[in-house]
Every structure is written in structure tokens, then in C-alpha cells.
Amino acid sequence: MMLHGTDALKQAAATGHALPGFVAYNLETVQGITAAAEAAGRPVLIQAGAGPFKHAGREALMRLALDAAEDSPTARLGVHLDHSRDLDEITVCLEVGYTSVMVDGSHLPFAENIALTKEAVRRARHHGAWVEAELGALPGDEDISTDAVATDTAMTDPAQAAEFVAATGVDALAVAIGNVHGFTKHPVRLDLDRLAAIHEAVPVPLVLHGASDLPVEELHGALARGVAKVNVNAELRRAYLDAVRANLPSALPGSDVVSVWSAGRDAVRDTALQVIGRLSPTPTDPH
């Protein structure tokens, strides 16, 4: 069933949980994410966005994600456009029924990011969808791990975040606090003091991108400081590819593609379930 509105996001913020946003690239990843949501009984976002569109095609992937959300008898599934810099693309996704969109103006000067985000919010309101935006520069690539390294100069400024949210009317704000896209060999340490200051400065739930393999104490520290949506991509990609690699030797003699695809789908489901289990508050965080 479709997950409309911001109630799940606000409930997550109020209880110290986080709404998981899982990136989907094809039929099997959509199915794996859906199966995890059904098994967990928790709301989930299927993030069929700008990067995956390059592989699957926009129309095909939009339809896969929307059909999965609409047809699931038990799961509450939103369909989210992730990392879009194109207002026309945002409009197309809103028109076909996406429940939320992320407008990514983080590469732009501050005033231009505000202008782009305001227009995305205006269009989304017309369709009853909510909007996530990003402030600060998150290193790395959304679709390929690149051993990215975070720098202090690119992190989100709390005062600027307050101005940005007030000027744009966004429903959620993605922040750069030491997190990076994809896996990296460099230790990831979140600036939780900066995150706490941002949380104090803005009235909307915060979003953490680049949460794959993040140490659980770092993740729970973020949940205790206003993060109510967490994006996971690389962890699912690795699970899918590891399952494909493990099943190829037995599948190749008979050209059994179905067994390979099924293994990948099941690995995505199992990994997504593990992530969902981590996105709950820790009773030991003193914040």
C-alpha cells in the first residue's frame, strides 16, 4: 500500500527511529526491498531515482516501484525520487504518483540552491508529495563506491541550514556531517555535535545519506540527534553482487539466470531487513 504524507517521517523523528530509504535499480532490487518491508512491518521508501534511471530507464523503473508499492497487501511503501537536479524530472515523477522527491541543489551556490528547492517544493505541494533537499557537499558517488573522504569545509552549517529551511519550506533536510556516499577504506566519523546544532536550528526531520556499514554507535548517535530518514544503497549493491558471484558457478553450466536473479533478490531482502533492525533508538545513548 502506498505511504502518503509525512506522518511516518514525523513519527520516526518523534520516537528516535528512522525511515529507511533503499535505492532500487531493477526488478529484483525492488522486489527485495518490498519483501523486507513486508517481513518487518515497518514503513519503507523505495528510492527509484536519477542514478538508477540511467540503467533501467525512467519509465520502466518508475512503473516497477509504483506497482510494487501499490500492490503490496501489507507493506507501507513510499516511492521516492532520490538525488534529482532536474525540475522536469521531478515533475514527471510527481505526475505519475511518487510520494516524495529529493531535489539536490547541493552543488549550487546557496542562493541558487534555495531557488531550485523552492520551485521543487511548489511543484510537489500541487501533487501532495513531500520534499527532501540537501545542504552541504557529500563526497562520493551515489551509485559507485569511490573511497570518498569527508572534509570539514563541505559540511552543513547550522545557521545556514536554519535560513535554508525557512526560505524553502522543505519537509526534510539531508546533511553533510562526515558521512560519504558508498563504501570507503577511510574511517567514517560523524560530527555529532554539528548534527545536534543543526537539529536545534531547524524544525524539520534530518536525513543521513551514505549510511552503508556505518558503525551502529554512530548511526544511533545520529538518530538521537534528529535524523529520521536514512539512505542505504552500497550495502544492498554489495549484497546483490556477492549473491550473484556465489551462484554463478552452479548457474553457468545450465545458463540458469533465474537462480542468479533470485539469489540477488533474496540477498537484498535479507540485507534490507538487517538495516531496518538497526534503525531503532538505542537505550544507552545519553543525548
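A residue counts as buried when its relative accessible area is under 20%, as exposed when that area is over 50%, and as partly exposed in between, with a 1.4 Å probe and protein chains only. The exercises below concern a predicted model, in which local features need pLDDT of at least 70, side-chain atom pairs count only at pLDDT 80 or more, and totals for chains, interfaces and linings use all residues. Residues are numbered from 1 along each chain as its sequence is written, and side-chain values use heavy atoms, with hydrogens and water left out.

**Exercise 1. The start of the chain**

Decide whether Leu3 is buried or exposed, and list what Leu3 is in contact with beyond its neighbours within four places in sequence.

Solution. Begin with the position: Leu3 belongs to the segment before α1 (7-15), where helices (H or I, at least four residues) and strands (E, at least two) are DSSP runs numbered from the N terminus. Next, take the relative accessible area of Leu3, which is 10%, so that Leu3 is buried. Then turn to contacts, meaning heavy atoms within 4.5 Å: once the neighbours within four places are set aside, Leu3 touches Ala8, Leu19, Pro43, Val44, Leu45, Arg76, Leu77, Gly78 and Thr99. For Thr99, the separation is 96 residues in sequence, while the C-alpha atoms are 7.1 Å apart in space.

**Exercise 2. Two helix pairs**

Describe how α2 packs with α4, and how α10 packs with α11.

Solution. Two packed helices are described by the angle between their axes and the distance between the axes. Here the axes are lines fitted to C-alpha atoms, for helices over the stretch in contact, and the angles run from 0 to 180 degrees between N-to-C directions. Angles under 35 degrees count as roughly parallel, over 145 as roughly antiparallel, 65 to 115 as roughly perpendicular and the rest as oblique.

Step one is the pair α2 (residues 27-40) and α4 (residues 58-71), whose axes come within 10 Å and cross at roughly 20 degrees; the two helices are therefore roughly parallel to each other. On the α2 side the contact is made by Leu27, Val30 and Thr34, and on the α4 side by Leu61, Leu64, Ala65 and Ala68. These residues divide into 6 nonpolar, 1 polar and no charged, where Ala, Val, Leu, Ile, Met, Phe, Trp, Tyr, Cys and Pro count as nonpolar, Asp, Glu, Lys and Arg as charged, and the others, Gly among them, as polar.

Step two is the pair α10 (residues 234-251) and α11 (residues 257-278), with axes that come within 8 Å and cross at roughly 150 degrees, which makes α10 roughly antiparallel to α11. This crossing, too, is right-handed. Among the residues that meet there are Leu236, Tyr240 and Val244 in α10, and Trp261, Val268 and Arg278 in α11. The residues of this contact divide into 14 nonpolar, 4 polar and 3 charged.

**Exercise 3. The loop between α10 and α11**

Characterise Ser255 in the loop between α10 and α11, and then Val257 in α11.

Solution. Ser255 has a phi near 50 degrees, a positive value in a residue other than glycine, and at 58% relative accessibility Ser255 counts as exposed. Val257, with a relative accessible area of 43%, is partly exposed.

**Exercise 4. An aromatic pair**

Find how many aromatic pairs the whole structure holds, and classify the geometry of Phe110 and Phe164.

Solution. Rings of Phe, Tyr and Trp (its six-membered ring) pair if their centres lie within 6.5 Å, and planes under 30 degrees apart count as stacked, over 60 as edge-to-face and the rest as tilted. A search of the whole structure finds 1 such pair. The ring centres of Phe110 and Phe164 are 6.2 Å apart and the planes stand at 45 degrees, so the pair is tilted. The pair links distant parts of the chain, with Phe110 in α6 (residues 110-127) and Phe164 in α7 (residues 158-168), 54 residues apart. Lastly, Phe110 is partly exposed at 21% relative accessibility, whereas Phe164 is buried at 0%.

Methods
A crossing is left-handed if the near helix is turned anticlockwise from the far one by less than a right angle, and right-handed if clockwise.
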